[in-house]
Amino acid sequence: MPMQWIILLDVIGAVFGSLTVLLAYVPQTLPQAEDVSFFHNMRLGVRELMQHRGIFQYSILSLISIMFIMPGASLYPLMTTQYFGGTIGQAGIVETVWSVGSLLGGLFISIWGAGKNRFFAIFGSLVTLGAAFSVFGLLPPNQRGFWLFAGLNIFAGFALALMNSPFMAIVQERIKPEMMGRVMSVLMALTNVGAPVGLMFAGPLADQFGIAQLFILAGVATLITAGVALLLPAVRQIDKK
C-alpha cells in the first residue's frame, strides 16, 4: 500500500480508539483543595506507590524487563530481513502475529479474567515472554526458522497482554481514587524511561554481538526478572489483600 494510506489507517485506528473512551464510566472524585505543582504531584505519587511494597517492587522489575525487551522488539524487522533472510512483507507478518496474540490476550482477560491469584498470571507471562525471546535467538537462520519465529510471536504477544492487564487491575484496586492519577503518572514515567534507555543500547549491542544474541540476552534477563519476582515475598503476595 502507498505510505499515505498506511498513515490514514493509523489515524482511523486512533479515532476509533478515542471514541471507545465515550463508553467508559469515569467515577467523580472530590476536587483538590489547592493547585499543586507537577513535581509535588510526582512526589505524592512516589510516596503512595512506596506504601504498597509489592506494587512498587514489581514496578521496578517491570522497568528492568522493559529495558531488555524493547531492544529486541525494535529489531524485529532486522531479525526478519537480515537474520532469517526474509522480505519486508514477512516482517509485516511477524508484527501482525504479535498484535493478534496481544489482542487475544486482552480478550482472554476481559472474558475469563486472570484467576484467583493474579500473580501467577503475571509470573507465567514473564516466563513465557522470556522463554520466547530466548528461543528466537536460537532459531536457525533460514525460512524454517522464520516461520517458527512468526508462529511463536502469537505466544509472546499473548503473554505481554496477560502480564500488563492483571497488574494494572491490581493497581486500580489498591490505590486510593484521589491518588490514582499521580500513581499512574509515576508508573507511566517508569515505562517511558525504560523504553528509550533500552533502545539506546539496541543498535550498538546488535552490532557488537549480533541480533540473535540480543534476543537471547533479553529472554534470559526476563527469565531472571521472573525468578526475582517469585523470590520477593511482597511481589509474590501482590494479589493478597
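Where in α3 does a kink of about 25° lie? The kink lies at Phe68, shortly before the proline Pro71; the bend at a residue is the angle between axes fitted to the seven residues ending there and the seven starting there.

This is a predicted model, in which local features need pLDDT of at least 70, side-chain atom pairs count only at pLDDT 80 or more, and totals for chains, interfaces and linings use all residues. Residues are numbered from 1 along each chain as its sequence is written, and side-chain values use heavy atoms, with hydrogens and water left out.

Helices are DSSP runs (H or I, at least four residues), numbered from the N terminus. Helix α3 covers residues 53-74, which is 22 residues. From first C-alpha to last, α3 reaches 31 Å, close to the 32 Å expected at 1.5 Å a residue (1.5 Å times one less than the number of residues). The buried residues of α3 include Gly54, Tyr58, Ile66 and Pro71; buried means under 20% relative accessible area, exposed over 50%, and partly exposed in between, with a 1.4 Å probe and protein chains only.

A salt bridge is a side-chain nitrogen of Lys or Arg within 4 Å of a carboxyl oxygen of Asp or Glu. The count by this rule is two.

| Salt bridge | N to O distance |
|---|---|
| Arg118 and Glu173 | 2.7 Å |
| Arg174 and Glu173 | 3.5 Å |

Arg118 lies in helix α6 (residues 118-138) and Glu173 in helix α7 (residues 143-174), so their pair ties together parts that are 55 residues apart in sequence. Arg118 is buried, at 13% relative accessible area, whereas Glu173 is partly exposed, at 44% relative accessibility. Arg118, Glu173 and Arg174 are linked in a network of salt bridges.

Terms used:
Helix = DSSP H or I, 4+ residues; strand = E, 2+ residues; numbered from the N terminus.
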